[in-house]
Structure formats: structure tokens, C-alpha cells
Amino acid sequence: MRCQYEMSATDAFERTTSTFRNIISRDPGSCFPVESGWYHLYISYVFPWASRCLAYLKIKGIDQAIDFTSVKPIWERTKDTDEHMGWVFSSSSIEEPGADPDPVLWDKKMKTVVNNGSSEIIRMFNSEFNDITGNAALDLYPPHLQSQSNETNDWKYNEINNGVNRCGFAKKQEPYDEAVQELYEALDKCEEILSKQSYLGGDQVSKADIHLFMTLIRLDEMTLRDALNSALDEEMSADPKVSIMGEECIVIEDALAGVQAAKAAKMRLEYAARRQLAMSTP
């Protein structure tokens with residue numbers, strides 16, 4: 001099973017539209033009713049889109065009604081004829097749904113995919129399962145914050161949540177530079193907001209905070225790791241006196257700490273690049 005991505009004419013990353021858009025509903029006569037044990041969630045920890053669905057599953061206490069499976073991708077050529085690399089899923093790792101975990105919400109009784117759009121899955125998890133959830137009182141999309149949450153999501157989605165993909169999958173320098181610039185400007189904006197209030201979306205934790213956290217917690221490791229490690233390896237080999245810990249552990253206690261950790265990763269990368277340039281200059 002292969003995780004497919006599309007590129008624009010300028011070799012910029014463009015996210016594909018989710019294919020399955022069915023809705024689980026408490027309405028009488030729904031084709032996909034709310035019932036414990038009826039559904040299964042397939043995710044990959046690699047993807048923040050899928051992991052935010054798992055976060056909702058746990059936070060709302062629906063994990064007693066809906067079980068989940070995490071599939072394990074391999075980084076290799078997405079097709080034998082492709083020059084680029086991507087996350088590839090073996091056909092055996094997700095046999096039932098027959099789709100990559102973007103995520104996939106699977107109907108075990110009807111043997112079909114219900115939905116593979118994370119935004120719609122979390123909306124269902126937030127409200128439709130309240131009769132059987134362990135945390136019905138928690139509303140991660142409360143009416144008084146919906147307008148602010150939607151406004152925040154308009155820029156956060158493109159510049160941060162999808163921005164890391166636009167950085168990572170860009171095939172030319174120009175779209176990469178544009179995506180990186182927008183990403184760190186958006187991180188600055190988040191830091192400004194979170195310096196004045198505890199939550200990104202308003203006066204309580206909401207979907208905006210969960211969406212941001214799921215991207216930030218992976219940003220240093222997944223987006224900057226390879227370039228950073230390469231630069232640091234060359235720096236250490238050129239200067240044996242440099243001593244750097246082999247592993248770093250960053251505990252992100254809140255969304256603001258996540259923003260600061262992401263910016264720190266960028267600064268470490270830029271520092272390593274400057275050191276490498278300085279040592280190579282006569």
C-alpha cells in the first residue's frame with residue numbers, strides 16, 4: 001500500500017482530497033449508526049493528521065467503543081519508477097481498509113471505509129459518540145469558540161499543519177523557501193498568541209491546540225532531523241573537540257513550549273550550517 005502525494009506544476013506539494021466522506025450519526029436510520037464495537041480506526045504515528053484522531057479517541061474516552069491499529073510505514077520509493085522517496089505501507093499492514101492511513105475509519109460489520117478525512121473523523125468523535133463516550137462533557141469545538149477556531153485554522157492549516165509537508169515534499173528550492181518562510185512566520189504568530197493566553201483557540205483547550213501540538217511534536221524529529229544530523233555529523237568529524245549528546249529529549253508541556261522547541265530546532269540547524277561553512281572557508 002503506497003501513500004500518494006501530488007505535486008503542482010511548480011513542484012510544490014499539494015495535499016490530495018480525502019476520498020471517503022461518509023458520516024457516523026446518532027440520527028435514526030443513519031447508514032452508519034453510533035454503536036460500540038462497530039468501527040475500527042487505522043492510523044500511523046508518522047502522520048499528525050491521523051494522530052489527532054487518536055488523540056480525540058483517547059481524550060473523549062471513545063477507545064472503549066472504537067479500537068485502533070497503528071500501521072508501520074517504510075521510507076522508500078513510492079513507485080519503482082519514481083525518483084522521489086515517500087512513506088510506503090505494505091499491503092499486509094492494512095489489509096481490510098485497502099487505503100493508506102490518512103487516517104481510515106473502518107466499518108467492521110459492513111466491511112467498508114466510512115471516512116478517511118481527519119477533520120470529519122474528529123468532528124464525529126467530538127459530538128456523535130457522546131451517548132457512549134467516557135468524557136461527554138468535554139467539547140473540543142464549543143459553540144462560543146467556533147468562529148475563532150475557524151479563523152485560526154484558516155492560516156494554521158496551510159502554513160503549519162500542511163506547511164511542514166510543503167517543506168518536506170517540495171522538489172524545487174523556490175516552493176521550499178516559500179513554505180519555510182510561511183511556516184516560521186506562522187510559528188511566530190502562534191508564540192505571540194500563546195504569550196497572552198493559555199490556549200490557541202480561546203479560553204479552553206480546543207481542536208486548534210490539538211492540531212498544533214500534533215504537528216509540532218513531530219517537527220524537530222521528522223522535518224529537520226535528517227538535515228540537522230547530517231550537518232552535525234560533518235561538524236563533529238571536522239572538529240573532534242565538539243561534544244554533542246547523541247540523543248535529545250524535549251518535553252513539550254504546552255503549545256507555547258512546542259512553538260519554542262520548533263524554533264530552537266531551526267536555530268540549531270542554522271548554527272550547524274554556519275559552522276560547517278566557516279570551517280570550509282579558507
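You are looking at a predicted model, so local features are taken where pLDDT is at least 70 and side-chain atom pairs count only at pLDDT 80 or more, while totals for chains, interfaces and linings use all residues. Residues are numbered from 1 along each chain as its sequence is written, and side-chain values use heavy atoms, with hydrogens and water left out.

**The whole protein**

Start with a cartoon view: the protein has eight helices and eight strands. Here helices (H or I, at least four residues) and strands (E, at least two) are DSSP runs, numbered from the N terminus. Of the 282 residues, 44% count as buried, meaning under 20% relative accessible area with a 1.4 Å probe and protein chains only. Contacts (heavy atoms within 4.5 Å) also tell a story: among those between residues at least 6 apart in sequence, 69% join residues at least 24 apart.

Next, select residues 104–107 and 112–115. These are strands β7 and β8, which pair in the antiparallel sense over three bridges; strands pair if DSSP finds at least two bridges between them. Find D107 and you can look across to T112, its bridge partner in β8. The two strands form a hairpin with four residues between them, and K111 in the turn has a positive phi of about 55°.

**Helix α2 and E120**

Now move to residues 118–127, helix α2, and pick out E120. Is E120 buried or exposed? E120 is buried, because its relative accessible area is 12%. The side chain of E120 makes a polar contact with the side chain of N115 at 2.7 Å. A polar contact is a pair of N or O atoms within 3.5 Å; within protein, one must be able to donate a hydrogen and the other to accept it, and residues adjacent in sequence count only if both atoms are side-chain atoms. Leaving aside neighbours within four places in sequence, E120 is in contact with R21, I23 and N115. Seven of the ten residues of α2 are buried, so the helix is largely enclosed by the rest of the structure. Among them are I121, I122 and F125.

**Helix α5 and L187**

Select residues 173–194 for helix α5, and within it L187. L187 counts as buried because its relative accessibility is 0%.

**A last stop at Y141**

Finally, show the side chains of Y141 and K207. K207 lies over the face of Y141, at 4.4 Å from the ring centre. A charge sits over a ring if NZ of Lys or CZ of Arg is within 6 Å of the ring centre and within 35 degrees of the ring normal.

Terms used: Buried < 20%, exposed > 50% of the residue type's maximum accessible area, 1.4 Å probe, protein only.
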